[in-house]
Amino acid sequence: MRLLLVEDEIDIQSFLRASLTEAGYEVEAAADGRSAEALAMSGQFDILIVDLGLPDQDGISLILRLRRLGVGAPVLILSARRSVDDRVRGLEQGGDDYLTKPFALAELLARLRNLLKRNSPPAQEATKLRVLDLELDLLRREAARSGQQLQLTPQEFVLLEYLCRNAGRVVTRSMILEQVWGMRIQPDTNVVDVHIYRLRGKVDGEGQRPLIRTLRGVGYVLKDC
Amino acid sequence: MSSKTAKPIVRSAAWRISLWATLAFACATMVVFILLHRFVADDIQRRSDAWLSGEVEVLGDVAERTPKDALYGRVVGEVAELAGKEVPNREPGSSNSNDSVFFLQTGSDGTMRLWVGAGDGHPNLKAIQAAHVLPERPTDLAVSGFSIPFRVAAIRVDDGSLIYLGLSERDELRVLRSLRLRFLLWWLLIVFFGFGIVFLTTRRMLGHVRRITEAAAGIGHSDLTARVPTTARRDEVAQLALTLNHMLDRIESSMHQLHTITDALAHDLRSPLTAIRGKLEMSLSAASERGPAESVVSAIEELDRLSDFLNKSLDVAEAKADALRLDRSSVDLDELLRAMIDLYGPSMSEKGVEIRIRSNGPLFIEADAALLHRMVANLFDNELKHLSSAGVVAIKLDFREGFAFLGFDDDGLGFETEVLAHLFERRIKGRESSGHGLGLAFVDAVARAHGGSISACNRAEGGARIEIILPGLSS
C-alpha cells in the first residue's frame, strides 16, 4: 500500500512515517503543498494523509487541486481544529475522512483501513465471525465460546462483533464509542471500561484463556496471548 | 411575505401615525377657518352697516328736501327703490331685489306713511315697534313671514317722522354659507389626501424598518454573514440599516478574530501534543516486549486529559461567544437519551446508581447531534462523579408549547449554595469536585447555541435539578 503523507510538522511526520511503515504502508512524505502535488503526480498512491495547516496553502485547497488533477485516492484529513469546517464536511461526504489532533495511532490506522475498504469492491459479507474458539453468528446475533452459548445483551453483541472484526488490532475508547454507539464524545468517566469489563466477564470465563486484553494508555485488543 | 404583515392594518404604526397627524392637521385647519369665518362675517356686516347708514342718511336728506306734496311719496319711493338696486353682496343675476330691501317711513305718531318693499309692510312695522329700533345704529330684526332677519337702520327727519331702511341678511348669509361649503369640501379633500399621503409615506418608511427587523431576526447566533437590506436614500432608516450592518461587520470581524485566535491556539498546542503522544505510543509499543512501562502509560493518560481539557476550554470559549458552529439535523431526543442511558447504564449500576427515564416517545428537534451527545455525556459524567451509591437519577423529557423540556433530577447532596449562582460559568466547581469546572459551562453553552436555556436548583425534597429547554421543530 502506497501512502502519501502531507504534514509540515517534522516531529509528527517522523513518528507517523515510522508507525505507518511498521503497520505495512509504503510511506512517501511531503512537508508542503507544492512538493505534495509533485509527489502525487509522479507516482500512484492508494491513500493520502493531509494535514490542513500547511505552510504554503490550505490543505482543503490542496485536496481539491489533486482531485481536479485526477488523483482519486481517498484522503484522511488531519485537523488541529476541533470544530469541523463545512468544507471538511463536504469532503467527508465525498468519501474522505478526518481526524482531529492529537489522535491515537490505533485510530489513525483504523480510519486508513476503513477508507481503503470503502474504495475496494465489497467482499461477500460473512455471516459468521470466528476468533479462535469464539464464534459469532451475525444473522442470529448469537455468540458462543468453545461451543458454549454466551448470554449477551444486543449492545454487548455489537461491542464484541466490533472487537472481533478488529481482532489482533488495538481499538481505542473513542473508536468504540464512535463505532458501537455512534457518538463522538470524550467522557471523563470510565463508561467504556465498564462495558468491556462486563463483556470480558461473559466471554473470558474461568479457566479459559483471556481474549479481551487491556492495553493501558491505548485501548483494547481482542487476541490470543 | 412573512406572517407579520398579515396583522390588521389598523394596528400598524403607520396607521396610528397618519391618523394622529391627520387629526392634528384637521383640527388646526378647522380652528384657522373658524377665525377666518368670524373675520369675514364681521367684515360683511360692517360693509352692509356702512351701506345702510349711508343710504338711510341719503333717504333722510331726500325726504327732508322733498316738498310734502302729492309727489312726495313717488319721489322718495323711487329713490328708495333705486337704493335697493345697489345692495352689497348681491347675488348676480337675481332679478327681484324688492324682497331683500324695504323702505319704511313712519309719522311721529308711529303710523305708516310710506312703504317700499315686498308685502304691505305691516309685519315689518310691528317688528320695528316691538324691537325699539333706534336711529343711527343698525340692528338685527326678525320679521314674521321672513325666515331670514333684516338689518335695519333708522334716521329721524325734521318733521318728526322716522325713516327705516331694512336690508335682508339673506345675501350676507349666502356668501358665508358658500364660503363654509367650499371650505368644507376643500378641507375634506385635503384631509383625505393628507391622510393618504402620510399613511403611504410612513408605511413605506416603516416597511424598511420592518424589513430590517426581519433580516436582523434572521441573522442567527452563529451565522453572521447575512446583512440587513439597505436603500439608496440617505434618511434615518437607511442610516439605521447602515449602522446595523456596520455593527454586524464589527461583530463578524471580532468573531472571525476569535476563531483565528482559538484556531491558532489549538494548532500551536495540538501539534506538539500530537507529536508527544505519537512518540509516547511508539515507546510504549517498544516497551511492551519488556512489560508495560508504567510511566509512559500514565504520561499518555495525562496527555489525553490535557487535550480533553484543551478541547473543552476552546469549545466553551467559542460557545460563550456564540461562535459554536452548529451542524443541524433532525434529532430524536428520546432515542438520543436512551442510547446515552444504554452507554452509561453499566457504569451507573456499577456504582449503585439507578437511572430512570420518563418520556412520551419520539421527540424530534433541529439540533447538532454531536453537540447534544457531548452535552448529555457531560451531565451523566457529573452524576457519575457526584452521586453516591443507591442514588437515583430521574430523567424527564416532554414537549410543551414548541419547546422540548429535558429534566435531570437526582437525590444526591444538591449543589453547594455558593456555587449555585455561578453554576454555568467557567472554572466553577464544588469543593469536592475533581473535574475542571467546564462541564456545566459547556452544557449551558450548547443549550444556548441551540436557542435554548438551562436552569439549575436544589430540589425541596433534596438533590439537584437541572432543566434544559430546547426549541422544538420549527415547522
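Predicted model: local features only at pLDDT ≥ 70, side-chain atom pairs only at ≥ 80, totals over all residues.
View 1. Residues count from 1 along each chain as its sequence is written, and chains are lettered from A in the order in which they are written. Strands here are DSSP runs of E, at least two residues; helices are runs of H or I, at least four; both are numbered from the N terminus. Pairing takes at least two DSSP bridges between two strands. Look for B:S455, whose bridge partner in β12(B) is B:E467. The hairpin has 5 residues between its strands, and B:G462 in the turn shows a positive phi of about 100°.

**View 2. The open, parallel sheet of chain A has 5 strands in the order β2-β1-β3-β4-β5.** At the edges sit β2 (26-30) and β5 (97-100) of chain A, each pairing on one side only. Neighbouring strands are turned by 20° against each other on average, direction ignored (axes are lines fitted to C-alpha atoms, for helices over the stretch in contact, with angles from 0 to 180 degrees between N-to-C directions).

**View 3. Inside that sheet, 4 bridges join β3 (residues 47-51) and β4 (residues 75-79) of chain A.** A:V50 has A:I77 as its bridge partner in β4(A).
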